[in-house]
Amino acid sequence: MRDTFNRKIDYLRISVTDRCNLRCRYCMPEEGVPSIGHGQVLTFEELFRVARVAVELGVRKIRLTGGEPLVRKGLIPFVERLCQLPQQPELTLTSNGLLLADQAAELKRVGLQRVNISLDTLKPELFEQITRRPGLDQVLKGIDAAEAAGLWPLKVNMVPIRGVNAGEIADFARLTFEHDWQVRFIEFMPVSGGLDYPPESRLPAAEISEVLHAIAPLAEIEPKGPVGPARLYRLEGAKGVVGVIPAVSDHFCGECNRLRLTSDGFLRPCLFCEDEIDLRTALRRGCSDEELALLLRGAVQIKPERHRIAEEQVIPTRRRKMQGIGG
Ligand code: SAM
Ligand code: SF4
């Protein structure tokens, strides 16, 4: 599929649930979000149908996200079905890692290729402060389990926030001396108005890079395959690599290849734009695969050229927050 700016759209992110077992301050309010009613969430059968049609239209990479995808029961058979599609899309998952120790081996067995684990601090008290829940040990066990299961390359995503965990950038980067991981720093996106951290908490990519440069000589890595929006570097002597994702300061919309499917069945052509296409109504009135394909193509056609969150600084309370879209 090509959009009106001639971008090839071959990546679908599927949010399988809006529920989560953490309450990260930049993503969710303390009380959680009013959960989408059970009947409104797409069944795995419906999610699979959308994925199958998307793959028939040329999607080659699927990422499962949430909320926290591992809290939804029945995820593993769903992963298995996706992996059995004849086009064999690349299948990955983004998780907070809390339930990964129990599920990593099984996920790998049914065909999941890789996992991105979100972790913002290596300090137990700060973990509890940011996520409003204990659990750092459990996440670290999850990372070990993912590595042992062969979910590789393992990516650890950290969102540095000024005055909170920004002082840990170097500690995270130094993990790559010991581990062959990709440790990536993602600019905080002030998109969820009313949550705990104000726009000034954002640490621009340039500042993140300065910290990395101060640790050791840094060599930029020529990407071998698609790496997405990250700029990758290797610290001299490190086994793994570090990456910086300038989500706000240097938008990478020109290379954006994604569509997002929310757990209640809406296709979102851009993370930061409110336009959505309702697939659920079509699915539930028994639409044909051809109609579904038309809706998918329609979403591609309305994909905007770029987002403008850097200019707007913050988009106040939106219909969905990050956990409702999947990041
Ligand atoms: N629960 C899973 C997790 O945390 O990995 C998947 C969903 S979460 C919404 C996906 C990613 O979005 C996480 O890496 C999280 O850190 C990131 N995220 C959420 N809100 C964000 C924000 N305001 N700015 C930057 N990243 C954010
Ligand atoms: Fe949950 Fe992920 Fe949002 Fe944290 S970032 S509250 S783990 S969905």
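Reader: Which residues surround ligand 2?
Author: Cys20, Leu22, Cys24, Cys27, Gly67, Asn96 and Gln323. Near means a heavy atom within 4 Å. This is a predicted model: local features need pLDDT of at least 70, side-chain atom pairs count only at pLDDT 80 or more, and totals for chains, interfaces and linings use all residues. Residues are numbered from 1 along each chain as written, chains are lettered from A and ligands numbered from 1 in the order written, and side-chain values use heavy atoms, without hydrogens and water.

Reader: How many charged residues in that shell?
Author: No charged ones; the shell has 4 nonpolar and 3 polar residues. Cys counts as nonpolar, Gly as polar.

Reader: Cysteine 24: buried or exposed?
Author: Buried, because its relative accessibility is 17%. Cysteine 20 is partly exposed at 21%. Buried is under 20%, exposed over 50%, partly exposed in between (1.4 Å probe, protein chains only).

Reader: New topic. What order do the sheet strands take?
Author: β7-β8-β9-β6-β5-β4-β3-β2-β1-β10-β11-β12, an open sheet with mixed pairing. Its edge strands are β7 (218-220) and β12 (277-278). Strands are DSSP E runs of at least two residues, numbered from the N terminus, and pairing takes at least two bridges.

Reader: How do β1 and β2 pair?
Author: Parallel, over 5 bridges, with β1 at residues 11-15 and β2 at 61-65. Arginine 13 stands opposite arginine 63 in β2.

Terms used:
Helix = DSSP H or I, 4+ residues; strand = E, 2+ residues; numbered from the N terminus.
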